[in-house]
Amino acid sequence: MHNRSKNAMITLEVLVSLMVLFFAIATSTAAMKLYASMQIQKQNYEELYIATTSIIDKIKSDICSKNMLMEGLYNGFSYRATCSLEKESQNYQKAFDLGEPEGLIGGYQLRLYRVDLSIEKNNFFKTLSYFLMTDERLF
Amino acid sequence: MRVFRNAFSMVETLVALFILSLLITTAVYSFRFILLDISKQEFLGIDRLLSYTQLRASIESMRYFVVDDYDAFLNPMNNLHYFFMGEETKMSYITQSPIFCDSIAVVKLECKEQKLLYNEEPLYGRIDFTQPKTLEDSAQKIVFENLQECRFLYHKDGQTLKSLQRDLPTSIELKLATHNQAFDFYINIATDHNLSKAYIEDYAYEF
């Protein structure tokens, strides 16, 4: 009987081993979950890259020249672009003859705008800014 | 004696461990499948982005290129026009940023058998550059595959067109969809005003 007791494990030992096993499984599950969420985040960035480059091209012809604010939906992303004037000037006119005026008096009004673009999809929110120049013929 | 009643026998413990090991093995295998799936997705994501970037560079660097329809019998008069052929499922153009070679090339993009195929042939090589075309053994790349939808739209002078010939569009929209995802690529053509129609036609007529 004494020998049999040596081969057996008490409840406490089994419980401790089960607890260690539980912690090991819980840790690995948490690591996998984190890895999976990082992959989703990475996929979001990949989609964001495609969407952003497309949105910038899509609004390029209208933003700042026709509309100061543009909103819409593209590739599942909702976007909002606002335009603010940073600087404006006429283009440089070179004098071709003595006595002719020279300087920023050309026939085009050049405007430098700052575009703030915010993009959102499923609580994934990003903003970016870029500069855009427009020209308007004066005469 | 009471102490022995509270303990597990070796057989009980072994059976419990066997069941546990079965559970762990199943869990590890499922984790392994998840890992494989994730790594596959990662590869596809990077590959898709690379393909998109290459395709984008190729399309936005589209170049005005004048070709001549001159033929001694069919078209005896010179008939200059830009090289561009755009249809709903295929498009041919000249680009300054090709994928395979480092010089100007003629490119054909085609939606075929649920794939988007990219064909490229250097313009100044083994083809007649006055009538550019890709050959059967031209360099080819499968840009995207397993597509449920693949079509081109062309934007020109505020209009959206399903086909455009002999003139470059201002922007191109590529609509792609797989079984679980849809993508729209909107690409503006970065044209150089120095290579305008008048400039090129004057230059072509001059020589």
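## Exercise 1: A hairpin in chain B

In this predicted model, B:Ser171 has B:Asn188 of E12(B) standing opposite. Find the two strands that form the hairpin with four residues between them, then work out whether E12(B) is mostly covered.

*Solution.* 
- Step 1: The hairpin is made by E11(B) and E12(B).
- Step 2: Look at how they pair. Strand E11 (residues 171–177) of chain B and E12(B) run antiparallel, joined by seven bridges.
- Step 3: Turn to strand E12 (residues 182–188) of chain B. Of its seven residues, five are buried, and the strand is mostly covered.
- Step 4: Now step back to the whole chain. Chain B holds three helices and twelve strands, and 21% of its 207 residues are buried.

## Exercise 2: The sheet of chain A

What is the order of the strands in the open sheet of four strands in chain A, and which strands stand at its edges?

*Solution.* 
- Step 1: Trace the strands across the sheet. The order is E1-E2-E3-E4 in chain A, and the pairing is antiparallel.
- Step 2: Check the edges. Strand E1 (69–74) and strand E4 (124–137) of chain A each have a single partner strand, so one side of each has no neighbour in the sheet.
- Step 3: Compare directions. On average, neighbouring strands of this sheet are turned by 25° against each other, direction ignored.
- Step 4: Strand E2 (residues 77–90) and strand E3 (residues 108–121) of chain A are paired in the antiparallel sense over twelve bridges. Here A:Arg80 faces A:Ser118 of E3(A), and A:Ala81 stands opposite A:Leu117 of E3(A).
- Step 5: Continue to the next pair. E3(A) and E4(A) run antiparallel and are joined by 14 bridges; A:Asp116 has A:Ser129 in E4(A) as its bridge partner.
- Step 6: Finish at the turn. The hairpin of E3(A) and E4(A) has two residues between the strands, and A:Asn122 in this hairpin takes a positive phi near 45°.

## Exercise 3: A helix checked by its length

Why does the distance between the end C-alpha atoms of H2(A) agree with its 49 residues?

*Solution.* 
- Step 1: Take 1.5 Å a residue; the 49 residues of H2(A) should then span 72 Å.
- Step 2: Compare this with the model. The end C-alpha atoms of H2(A) are 70 Å apart, which agrees.
- Step 3: Look for its buried residues. Among them are A:Glu47, A:Ile50, A:Ala51 and A:Ile59.

## Exercise 4: Where the chains meet

How many residues does each chain give to the contact, and which element of chain A gives the largest share of its side?

*Solution.* 
- Step 1: Count both sides. Chain A gives 24 residues and chain B gives 24 residues.
- Step 2: Find the contributing elements. Helix H1 (2–7) and helix H2 (11–59) of chain A are those that give two or more residues to the side touching chain B.
- Step 3: Pick out the largest share. H2(A) supplies it, with 16 residues.
- Step 4: Sort the residues on the side of chain A that touches chain B by type: eleven are nonpolar, eight polar and five charged.

Key. Residues are numbered from 1 along each chain as its sequence is written. Chains are lettered from A and ligands numbered from 1 in the order in which they are written. This is a predicted model: local features need pLDDT of at least 70, side-chain atom pairs count only at pLDDT 80 or more; totals for chains, interfaces and linings use all residues. Two residues are in contact if their C-beta atoms, placed from the backbone, lie within 7 Å. Ala, Val, Leu, Ile, Met, Phe, Trp, Tyr, Cys and Pro count as nonpolar, Asp, Glu, Lys and Arg as charged, and the others, Gly among them, as polar. Two strands pair if DSSP finds at least two bridges between them. Axes are lines fitted to C-alpha atoms, for helices over the stretch in contact, and angles run from 0 to 180 degrees between N-to-C directions. A residue is buried if 20 or more other C-beta atoms lie within 10 Å of its own, exposed if 12 or fewer, and partly exposed in between; C-beta atoms are placed from the backbone. The expected span of a helix is 1.5 Å times one less than its number of residues.
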